[in-house]
Amino acid sequence: MRERVAIVFMTLSVLATLVFGGAIAYQFAHPGQSTAMVPATSGVAGQSYTPAAAGSSGPATPSGGATAAAPTASGSAPAGTQVVSGGATPSGATAAPASTASPAAQTSSGGKTSKPAPGAKTSSGTPAASGTKPAAGGTNTTTTAQGGGGQSGGGGQGVASGGVITVGGIYDETGPVDATVERDTVRSYFNLVNAQGGINGHKLQLIDCDSKYDPSSAHQCAQKLISEGVLAIVGWLSLSGEQPETGYLTSQGVPIIGGLGVPSEFSSPLSYPTTPSLVTEGSALGTHAGQIGLKKPGVIFLNANFIAPVEQSFLNAMKKQGISPVDVETVDATKADYTDIVLKFQTSGAQSVAAFLDPFSYARLFQAMERQNFHVHVLGGGLDKASANAQYDSGCGSSCVVFGADSATPMLEYLDHQSTPAISQYLSAVHTYFPGQYGQLDTYTTYQWLAAEVFAQAVKSIGNAPVTRQSLVAALNGLRNFDDGGITPPFSYGTGNHDPLHCLQWIHNNNGQWRTTSGWNCFG
């Protein structure tokens, strides 16, 4: 056991890798029917899931009761069968070969990748064999639906059957945080749906806008997307933009599905999160710090406009566990060198380090810890992003800072669930349409995959009626026991503000490999 302990608690990037199997059946039922998308292993509505054991390649299984029947050739379930929503690959989509390397072993260049120094631009993943226009230098791009015809948009006018439904997304595409992978994850899902003929005759289209890690740019993006008549915001990730723009979008009547989990997203009747609040995650990890016996932490928080309540929830939870920090620091995402922070922690006698950082900043922190020989145990939410982990353990031999670390994830840890159909189809889709982004996947891309899935289910339930913001909100408010194939516990929305998810799983780094060590731990 190591002599000292370091906690690293991250709120900006997580979840990274999986070898995926073949595509699984995915068809929409006839327009107007109450049946939903059917995964190969979806269960009866409201049923809890038991994930496969740590290290197992087996799929998640229902905890009891009968599983839902697979759809018939027409896309509807057999008579008398209850079907719940869930994620699965369209039957017409091409799955990546089973021998394809997992995200942890694969990057866009075939080797290890890292985020360039703050301010440098990167190229986004390039789609393979799709109708999507790739981003070029961070400019606005559009996912083009093919063959849909009819009118597009859908803000207040509505989209008739056969029209193209256009949604928007605000993403940090340039600057110190790269959210192009979240953008391309949403596009991957839409491409799958469009390849199967769309939903109720509709094709789906995403218009994105680069918020540049700047709240003013994020607001300009919100105004631009509203002026272009987008139906909703789906699967966005704008670190400095989500907190203020949630209120603005709500005031303009624009529904929001997905996001990072910032506090304002849980205080709007038009926001539909697909993740627990970051405040909930703070409480969870602060509690877990006590469970694994951490002491005397040095704490680092990202300087973000939503961080204050998250910071307080984490510190309060640790205090309840009898843990007091020896030092608390706040840093910008542009901070290039963490040597000064590490030296402060060493001088303060820190035996743990808690940090709310993005994965690229974590890499710089860990590199500074290696330079100062500050080899301690690490706890953090979101330490398993594949491309970042390639930097966490680069050149440190058998004693990397990240080895032996503990973390938490609100999504099923797919490093441990490589054969779970819902995870397999997610990774297969991204690999098929945006292979250059495959190694960048993390927990936040999973949030936005689920956001696209929730949006599609809501549109499906509208049937042949015009798709408007009002009909979309009504459909979302009526969503019950949404089953995403075990990626999260089933969840529901209703009228008023929405806070449907409160559970996380603990994971542990075993010499560079993340393994699940618990079932769902629920808070609040």
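Predicted model: local features only at pLDDT ≥ 70, side-chain atom pairs only at ≥ 80, totals over all residues.
1. Residues are numbered from 1 along each chain as its sequence is written, and side-chain values use heavy atoms, with hydrogens and water left out.

2. Helices (H or I, at least four residues) and strands (E, at least two) are DSSP runs, numbered from the N terminus.

3. The protein as a whole has 11 helices and 16 strands. Of its 524 residues, 62% count as buried, where buried means under 20% relative accessible area, exposed means over 50%, and partly exposed lies in between (1.4 Å probe, protein chains only). Among the contacts with a separation of 6 or more, 75% come from residues 24 or more positions apart, a contact being heavy atoms within 4.5 Å.

4. Two strands pair if DSSP finds at least two bridges between them.

5. Strand S9 (residues 297-302) pairs with S11 in the parallel sense over 5 bridges, and Pro 297 stands opposite Ser 352 in S11, while Ile 300 stands opposite Ala 355 in S11. S9 and S10 also pair in the parallel sense over 5 bridges, and there the bridge partner of Leu 302 is Val 331 in S10. Both faces of S9 are covered, with Pro 297, Val 299 and Phe 301 buried on one side and Gly 298, Ile 300 and Leu 302 buried on the other.

6. The largest nonpolar core has 116 residues, and those with the most contacts inside it are Phe 190, Leu 365, Phe 366 and Phe 455. Helix H10 (residues 443-462) gives the most to this core, with 12 residues. Apart from it lies another core, of 13 residues, including Cys 209 and Ile 226. A nonpolar core is a set of buried Ala, Val, Leu, Ile, Met, Phe, Trp, Tyr and Cys residues joined through side-chain atoms within 4.5 Å.

7. The axes of H10 and helix H11 (residues 469-477) come within 9 Å and cross at roughly 110°. The two helices, H10 and H11, are therefore roughly perpendicular to each other, a description used for 65 to 115 degrees, whereas angles under 35 count as roughly parallel, over 145 as roughly antiparallel and the rest as oblique. Among the residues that meet are Phe 455 and Val 459 in H10 and Leu 472 and Ala 475 in H11.

8. A last point concerns the loop between strand S5 (203-210) and helix H2 (215-227), where Lys 212 has its place. Lys 212 has a positive phi of about 60° although it is not a glycine, and Lys 212 is partly exposed, with a relative accessible area of 48%. Tyr 213 lies in the loop between S5 and H2 as well, and its phi is near 55°, a positive value in a residue other than glycine.

How values were computed: Axes fitted to C-alpha atoms, helices over the stretch in contact; angles between N-to-C directions.
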